[in-house]
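Hello,

Here is the structure you asked about. Please open it first, then read my notes below.

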Amino acid sequence: MKDKKKFQINKYIFISILSICFGIFVWWLVTDGLGIFRSNALPSPVKVFESFIKKWYETKPDGATLLEHLIASLQVALGGYVIGAVIGIPLGIFMAWNDKIDMCVRPVFDLVRTIPGVAWTSVMVTLVGIGFLSKALVIFISAMVAMVINSYSGIKQTKTVHLWVGQTFGASNWELLTKIAIPSALPMIFTGLDVALGSAWTTLVAAELLASTKGLGFMIQQARGIFRLDIVIVGMIVIAITGAVLSTIIQWLGRKMIKGGRT
Amino acid sequence: MRMDSERQVSTNDALIEFRKVDKFFNKPEEGRYQVVGDLNIKVRENEFLVLFGPGQCGKSTILNMVAGFEMPSAGEVLCQGKPIEAPGPERGMVFQNTALFPWLTVMGNVEYGPKVRGVKKEERRQKAQHYIDLVGLQGFENSFPVKLSGGMQQRVGIARAYCNEPLVMLLDEPFGHLDAQTRYLMQDELTRIWQAEKRTVIFVTNNIEEAVYLADRILVLRNCPTGVKAEYEITLPRPRNYTDPEFLRLRREIDSVVDHTL
């Protein structure tokens, strides 16, 4: 039984790797292989890989190595993300639990959440400049929206019967919230963390395109200006892989923390 | 053995009492409609009372009013002479769909009540272990509910309610979702548990056999609005036998007064 499951997982990993390899093969075919695209229109995988290696120690053309860009981006993204979680999750929980808070916050929140995160960039740049803070704030807003929505609906989905059980045991309102509603909402809260991570990461790159001096988005923007498409693609791939790794970490954390087979 | 609902046994030691209780619900489509009408029940201490009635006739509503989840529209529900206004630890409930906390282990679920009341860890662990043993789940203390069968989940539900040491246990069709074999087994188990530690039990069911098998006293309920139609004292010795002639006679007799509805 367990072996069979393991085999299924291995098979899945094998197929995934195969499909990625196939994608790269097609990419190679249309560039170096058949020469459909010329290298200044679409660089080949070989060329991109070379640039990827070089970019770890070269600061051309944008003044920083790949690692420096990556760290700059991660700092901003995780900074905004963590503040978003610290404020967004409790906000969603209390909005769902308390009607008065809900009524006060809801109208503002419903307006804010319809605005794409990137749209805040210009406002933030005018307010606090193009440094760390403006981007972190933009990311904070877009990450927070996902966390509020998911923790809100997680708490709202608490089964009445579970609350009843708590009441027959004499649990106070605070105990009902902390010992029943929050544990039962935990899977949804983690969904929020995962979704927010995605939107934080994508918003970051978009924000960096507009206002930055360092970071993966900035690197892409600079490379695009001088038609270095190989570096643009390097940036895209690093963004994709980093996003996937971060998401895996959150999901792993979720599996550790959500008890009772509810994932 | 049969009595009219009007002539209730007059005992002064009624633990739970319904006095002229009406209950109305408001539903958007159907408007105001009555689920319980002029209900008078006295529940004696340590008796096993079964509320038996067909279909959706407000049996759960009766239990919900004892538990304090719902309030009567008219009349009053008393616990030890005091009106019931909110849920409380002296009235424990075992729900139809177990309602176990999926994020807690068996132990976590069973010790939940004492934990909320601030009982020290060692003491409540010991108590919870006692009830886990009583319902026959030793060895499953650290399992999560998702890993347990329906019957085992219901055992946890019973242990959890017991562990809080309520004055009255409310069981709302607890075996309704179990298959027939497990159901028989759980009826035996419940009888055994109840005989080991006597509590006042109010047990709701729509299964006539289950009613006769378990009860000290059966109240046959009328269909909407629900009220007491007939009352039977069951004096058969335990453990009972489903094929005993007296058992079958009682079963037929009770069946003849039930409102059969489609």
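The axes are lines fitted to C-alpha atoms, for helices over the stretch in contact, and the angles run from 0 to 180 degrees between N-to-C directions. Helices (H or I, at least four residues) and strands (E, at least two) are DSSP runs, numbered from the N terminus.

Now the housekeeping. This is a predicted model: local features need pLDDT of at least 70, side-chain atom pairs count only at pLDDT 80 or more, and totals for chains, interfaces and linings use all residues. Residues are numbered from 1 along each chain as its sequence is written, while chains are lettered from A and ligands numbered from 1 in the order in which they are written.

**Chain A overall**

Chain A has ten helices and zero strands. Its C-alpha atoms fill a box of roughly 75 × 60 × 30 Å along the principal axes. Of its 263 residues, 38% count as buried. Here a residue is buried if 20 or more other C-beta atoms lie within 10 Å of its own, exposed if 12 or fewer, and partly exposed in between, with C-beta atoms placed from the backbone.

Contacts come next. Two residues are in contact if their C-beta atoms, placed from the backbone, lie within 7 Å. Take the contacts in chain A between residues at least 6 apart in sequence: 70% of them join residues at least 24 apart.

Two packed helices are described by the angle between their axes and the distance between the axes.

Look at α9 (residues 216-225) and α10 (residues 229-257) of chain A. Their axes come within 8 Å and cross at roughly 160°. Therefore α9(A) and α10(A) are roughly antiparallel. Their crossing is left-handed. The rule: a crossing is left-handed if the near helix is turned anticlockwise from the far one by less than a right angle, and right-handed if clockwise. On the α9(A) side, the contact uses Leu216(A), Met219(A), Ile220(A), Ala223(A) and Arg224(A). They meet Ile231(A), Val232(A), Gly235(A), Val238(A) and Ile239(A) in α10(A). These contact residues divide into eight nonpolar, one polar and one charged. For those classes, Ala, Val, Leu, Ile, Met, Phe, Trp, Tyr, Cys and Pro count as nonpolar, Asp, Glu, Lys and Arg as charged, and the others, Gly among them, as polar.

Next, α7 (residues 160-168) and α8 (residues 173-210) of chain A. They pack at an angle of about 150°, with axes 10 Å apart. So α7(A) and α8(A) are roughly antiparallel too. The crossing of α7(A) and α8(A) is right-handed. His162(A), Leu163(A) and Gly166(A) in α7(A) meet residues in α8(A), among them Glu175(A) and Leu176(A). The contact of α7(A) with α8(A) has three nonpolar, three polar and two charged residues.

**Chain B: one covered helix**

How many of the 14 residues of α5(B) are buried? Twelve are, and the helix is mostly covered. The cover includes β7, α2, α3, α4, β8 and α6 of chain B. Helix α5(B) spans residues 150-163 and reaches 20 Å from its first C-alpha to its last, close to the 20 Å expected. The expected span is 1.5 Å times one less than the number of residues.

The axes of α5(B) and α6(B) come within 10 Å and cross at roughly 20°. That makes the two helices roughly parallel. Gly150(B), Gly151(B), Gln154(B) and Ile158(B) of α5(B) contact Thr182(B), Leu185(B), Met186(B) and Ile193(B) of α6(B).

**Backbone details in chain B**

Glu165(B) follows α5(B) and sits in the loop between α5 and β8. Its phi is positive, near 50°, in a residue other than glycine. Asp38(B), in strand β3, has a positive phi near 45°. A cis peptide bond joins Arg238(B) and Pro239(B), with omega about -5°.

**Where the chains meet**

The contact takes 21 residues from chain B and 17 from chain A. The chain B side has 15 nonpolar, four polar and two charged residues.

Best wishes

How values were computed:
Angles under 35 degrees count as roughly parallel, over 145 as roughly antiparallel, 65 to 115 as roughly perpendicular and the rest as oblique.
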